[in-house]
Structure formats: structure tokens, C-alpha cells
Amino acid sequence: MKRETQSNQVFKLELPTPFSVGDVNVYVIKGDQLTLVDVGPKTEEAWVAFQSQLKEIGYTPQDIDQIVITHHHPDHVGMLDYFSEDVPVLGHPFNAPWLKKSQQFLVEQTTFFESLFVKFGVDKKFFPLLKKLNDPLGVSCNRELTSFLREGKEVDGLSGWKIVETPGHAQSHIVLYEEVSGVLVGGDLLLKHISPNPLLELPLNGGLERPRPQLQLNHSISRLLDMPISFVYPGHGENIEEVHQLITYRLKKQAEKAERVRSFIAKKPLTAFQACQTLYPTKYDKLFMLTMSETVGQLDYLVDIGQIIVDTTQQTHIYTVN
């Protein structure tokens with residue numbers, strides 16, 4: 001699919017992934033430089049699909065002048081390894097440790113989650129899952145960023161497109177916004193068919209306090225309500241036209257889910273793990289990291305709005321109603 005913007009053409013390519021989310025969308029923007037936004041996972045199937053769809057719009061991988069990545073997840077960055085080192089890769093600086101996959105960083109991540117599991121009261125039988133924490137990185141890349149993109153920066157070679165920092169789904173998340181046309185290339189910030197997971201991550205800014213991804217995600221999508229956005233190219237699924245309506249719906253559904261969690265805690269104090277078991281009784285053991293991230297997101301939200309409090313004086317944290 002092609003869409004005309006103020007000074008560019010945007011082409012959407014859909015690539016297969018090995019993940020339950022299904023296909024990932026990547027975008028070719030024809031400006032002063034031919035820019036690829038996200039690249040798909042590092043699989044032969046995705047690479048073949050990419051080359052085929054790229055050919056349909058008249059290009060080859062060698063024609064790509066630069067690559068912008070919206071965030072570090074493997075289904076968005078893996079195929080960076082298939083491109084020449086001469087092709088510049090641009091993204092938020094928080095992408096860097098994920099893209100390089102340094103052993104020190106991966107060990108730090110495991111240590112961080114070990115500590116978090118204790119605080120959340122996670123059953124010991126789930127601790128072996130930490131050994132699989134980095135399995136998805138098998139279809140990621142080993143690459144370095146050429147330059148960093150931060151809030152308000154205009155992308156060289158893409159006149160009129162500016163960067164908006166939108167953490168939540170990932171700490172490294174950014175989107176590209178063309179104000180004149182109201183078009184947003186949104187990565188996984190806003191999806192039509194599902195709500196992006198507010199995924200738990202270790203702090204990357206040198207701080208000791210963990211990020212609160214649900215609060216970040218709410219803030220990031222709420223920012224869009226103040227922007228004249230007419231159209232969103234998402235990282236997965238269908239394009240979005242009723243943007244502000246979808247954002248309002250997402251915020252409403254999230255608040256409703258949080259209220260369910262509050263009702264559990266009103267009956268008795270819970271650990272984060274117990275809240276997860278109650279919220280996702282049939283899913284928590286099969287989709288443990290996803291359901292824990294979702295549950296902790298609701299707990300963080302409830303603490304933030306003063307509906308519950310958390311006792312951190314003990315090794316395992318306990319949540320009670322305020």
C-alpha cells in the first residue's frame with residue numbers, strides 16, 4: 001500500500017515473524033533519502049518476503065539509504081544484519097545494548113529480573129524461565145546505531161518528519177510524525193486490533209528504579225490526543241484512521257482492567273504474582289512474562305492514582321487498598 005504525504009511517499013510491507021503477534025509492518029519512505037522504518041526479524045522467510053515486496057515497488061535492498069528503528073524488539077530489528085554496514089541505522093540510544101547483545105548487558109538483565117521476581121513474590125518454579133529470557137534475541141541482530149534520534153529531531157533526508165519519544169511498550173520506542181499531513185509511523189505505540197504490552201524492562205538510564213511502562217504508555221498515547229493526527233501506520237495489523245477514538249478506547253479499557261485488579265486487592269492484600277494469577281488464571285503459567293508485565297502495569301497505575309498502596313518494607317512487596 002502506498003500513501004502520499006506532504007513531501008514523501010510511504011509504502012507498507014508486511015513480513016512474517018515467528019511470534020504470536022503475526023506479521024510485522026515495515027515502511028519505505030521515499031524522501032530525499034530512501035528510508036526504511038523497521039526491518040523485521042532475522043529469518044530467511046522474512047528476508048525473502050522483504051525483497052519480493054520491495055521489488056514490487058521498484059527497489060532492491062541496495063537502494064535503501066538509511067534505516068530508522070522504532071524500538072529494539074527482535075521482530076523490528078533482526079534483519080539489520082542483512083544490510084551492509086555502510087547503511088546508517090538511526091534510533092533512540094536505549095536501543096544500543098539490545099542491538100549489540102553484550103554479555104554483560106544480558107547478565108544484568110537476568111540479575112534485574114531475579115530481584116524483581118523476589119519482590120513480586122513469584123513462585124520459585126518460574127525462576128528457570130529466566131534462562132529463556134533472551135531466547136527471542138535469536139532472531140535479533142548484532143549491530144550498532146550510527147546516530148541517535150531524540151525528541152523533536154528531524155530525520156535527515158526526510159523533510160518534515162520529526163521524532164516523538166514514546167516509551168511504554170519499550171523504553172527505546174519512538175515514532176515519526178509529519179505534522180503537515182498528520183501522518184504518524186507509529187511502531188507498536190498504537191495498534192488497531194490489540195493493546196500493546198507494557199513490557200517490564202531494566203532501567204537503562206543509570207538509575208536503580210525500574211521503569212513504569214504502563215504509566216509511560218498511557219502518557220505516550222495521551223500525547224497524541226493533543227496532536228492533529230489523521231492516520232497511523234502501525235507496527236502490526238491494519239492502518240488506523242480513527243486515531244483519537246482508539247486512544248480514548250484504549251485508555252478506558254486499561255482503567256477498567258485496573259479496576260478489576262483493585263477489586264481483587266480489596267478482598268485481601270496480594271503480591272504482584274498473586275494478582276497475576278487472579279487476573280490471568282488460565283494464562284499466567286503459559287504466558288508468564290507477558291501476564292506479569294500486564295499485571296504490574298495495572299498495579300503501578302493503581303498506586304499512581306492513589307487507589308492502592310504497596311508495602312516495600314519486606315523482601316516480598318504486598319499491595320493493599322488505600
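**Entry 1: a ring cluster**

I started with the aromatic rings, and found that ring pairs link Phe112, Phe113, Phe117, Phe126, Phe127, Phe273, Tyr284 and Phe288 into a cluster. A reminder to myself before going on: this is a predicted model. I then looked up the total for the structure, which is 16 aromatic pairs. One of them joins Phe112 and Phe113, edge-to-face, with 5.1 Å centre to centre and 80 degrees between the planes.

**Entry 2: around Phe112**

**Entry 3: the cores**

Next I looked for nonpolar cores. The largest one has 63 residues, and those with the most contacts inside it are Leu36, Phe50, Ile67, Leu80, Phe120, Val122 and Met292. I picked Phe120 and listed its contacts, leaving aside neighbours within four places in sequence: Leu200, Arg210, Thr271, Ala272, Phe273, Met292, Val296, Thr316 and Tyr319. There is also a second, separate core of 17 residues, which includes Val10, Ile29, Val155 and Leu158.

**Entry 4: helix H8**

Helix H8 covers residues 288-304. I wanted to know how far apart its ends should be. How many residues of H8 are buried? I counted 13 of the 17, so H8 is largely enclosed by the rest of the structure. After H8 comes Gly306, with a positive phi near 80 degrees.

**Entry 5: two residues with positive phi**

Asp38 is not a glycine, but its phi is positive, about 70 degrees. I located Asp38 in the loop between strand S4 (34-37) and helix H1 (44-56). Its relative accessible area is 2%, so Asp38 is buried.

Lys101 also has a positive phi, near 55 degrees. I found Lys101 in the loop between helix H3 (96-100) and helix H4 (103-119). At 24% relative accessibility, Lys101 counts as partly exposed, because that value lies between the cut-offs of 20% and 50%.

**Entry 6: a four-stranded sheet**

I turned to the strands. In what order do the 4 strands of the open sheet stand? I read it as S8-S9-S10-S11, with mixed pairing. At the edges are strand S8 (161-165) and strand S11 (231-233), and each pairs on one side only. Neighbouring strands of this sheet are turned by 25 degrees against each other on average, direction ignored. Strand S10 (residues 183-185) pairs with S11 in the parallel sense over 3 bridges. Leu184 has Val232 in S11 as its bridge partner.

**Entry 7: two antiparallel pairs**

I looked up strand S12 (residues 308-311) and strand S13 (residues 318-321), which pair in the antiparallel sense over 4 bridges. A hairpin joins S12 to S13 through 6 residues. Opposite Ile309 I found Thr320 in S13.

My last stop was strand S2 (residues 9-15), which is mostly covered, with 6 of its 7 residues buried. S2 and strand S3 (residues 24-30) run antiparallel, joined by 7 bridges. Gln9 stands opposite Lys30 in S3.

How values were computed
Residues are numbered from 1 along each chain as its sequence is written. This is a predicted model: local features need pLDDT of at least 70, side-chain atom pairs count only at pLDDT 80 or more; totals for chains, interfaces and linings use all residues. Side-chain values use heavy atoms; hydrogens and water are left out. A nonpolar core is a set of buried Ala, Val, Leu, Ile, Met, Phe, Trp, Tyr and Cys residues joined through side-chain atoms within 4.5 Å. Buried means under 20% relative accessible area, exposed over 50%, partly exposed in between (1.4 Å probe, protein chains only). Contact means heavy atoms within 4.5 Å. The expected span of a helix is 1.5 Å times one less than its number of residues. Two strands pair if DSSP finds at least two bridges between them. Axes are lines fitted to C-alpha atoms, for helices over the stretch in contact, and angles run from 0 to 180 degrees between N-to-C directions. Rings of Phe, Tyr and Trp (its six-membered ring) pair if their centres lie within 6.5 Å; planes under 30 degrees apart count as stacked, over 60 as edge-to-face and the rest as tilted.
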